[in-house]
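Please look over the sequence and the model before reading on.

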Amino acid sequence: RINIKIKTDFAFSTLFMPFPETNLAKYCIEHGYLKKGFTFDDLPKSFLTHSVLTLKDKDKIENVQKCSYLLIKYPFLLGPTEKVIRNFKFNRLFYLIIFLSTFFRYKEERQISLFNAVKFLWRFRKSF
């Protein structure tokens, strides 16, 4: 909502991923958001798809993040998207949304051809 309100030029969001042995990781361990003995081996391959934290409604938070580009770019989608996120689990749908959002964001930011954006997306697919 903040990004929509300020009409940000760069719509991008990630999931918080504390690195082991940092103060933030220690805080998360102390408060039960991370398991004791948290190491680099526990990190997901991308901060775009999964959170390492143990949170209430974690899947909903991850899905909001996956939709963030489209929601910031097209605020009229916020209301209907919120209802879907609250009431349904469509994990594959949200992966498709972040995949396509990344494609359009990358193409727009770099002002590249459709062909070059497809090449990028093909290489980027491993991040999901």
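## Overall fold

The model is predicted. The protein has six helices and zero strands, and its pattern along the sequence reads α-α-α-α-α-α. Along the principal axes, the C-alpha trace spans about 45 × 30 × 30 Å.

Of the 128 residues in the protein, 32% are buried. Among contacts with a separation of 6 or more, 53% join residues 24 or more positions apart.

## Helix H6

Helix H6 covers residues 114-124, and its buried residues are Ala 117, Phe 120, Leu 121 and Phe 124. Seen down the axis of H6, these residues fall within an arc of 100 degrees, so they line one face of the helix.

The buried residues of H6 pack against helix H5, which runs over 91-110. On the face turned away from the buried side, H6 carries the exposed residues Phe 115, Trp 122 and Arg 123.

## The cavity

How many cavities of 30 Å³ or more does a search of the whole structure find? The search finds one. The space in the largest cavity comes to about 90 Å³. Helix H3 (58-73) and H5 are the elements that give two or more residues to its lining.

The residues lining the largest cavity are Phe 12, Ser 13, Leu 48, Gln 65, Lys 66, Ser 68, Tyr 69, Ile 98, Ser 101, Thr 102 and Arg 105. By class, this lining divides into four nonpolar, five polar and two charged residues.

Gln 65, one of the lining residues, lies in helix H3. Gln 65 has a relative accessibility of 7% and so counts as buried. Apart from neighbours within four places in sequence, Gln 65 is in contact with Ser 13, Thr 14, Leu 15, Leu 48 and Ile 98.

## The largest pocket

About 290 Å³ of space lies in the largest pocket. The elements that give two or more residues to the pocket lining are helix H1 (2-6), H3 and helix H4 (78-87). The largest share, six residues, comes from H3.

The lining has 14 residues, and those nearest the centre of the pocket are Arg 1, Val 64, Leu 71, Leu 78 and Glu 82. Sorted by class, the pocket lining has six nonpolar, four polar and four charged residues.

## Phe 40 and its loop

Phe 40 lies in the loop between helix H2 (23-30) and H3. Which residues is Phe 40 in contact with, leaving aside its neighbours within four places in sequence? They are Phe 19 and Pro 20.

Lys 60 is 20 residues from Phe 40 along the chain, and the C-alpha atoms of the two are separated by 25 Å.

## Cysteines

Are Cys 28 and Cys 67 buried or exposed? Cys 28 is buried, with a relative accessible area of 5%. Cys 67 is also buried, at a relative accessible area of 3%. A disulfide requires a pair of cysteine sulfur atoms within 2.5 Å, and by this rule the count is zero disulfides.

Conventions: Residues numbered from 1 in each chain as written. Predicted model: local features only at pLDDT ≥ 70, side-chain atom pairs only at ≥ 80, totals over all residues. Heavy atoms only, no water. Buried < 20%, exposed > 50% of the residue type's maximum accessible area, 1.4 Å probe, protein only. Helix = DSSP H or I, 4+ residues; strand = E, 2+ residues; numbered from the N terminus. Arc of directions from axis to C-beta. Contact = heavy atoms within 4.5 Å. 1 Å grid on protein atoms, 1.4 Å probe; cavity = no way out; pocket = protein on both sides within 12 Å on 5 of 7 lines; lining within 4 Å. Points joined across faces, edges and corners; volume = space filled by probe spheres on them. Nonpolar A, V, L, I, M, F, W, Y, C, P; charged D, E, K, R; others polar.
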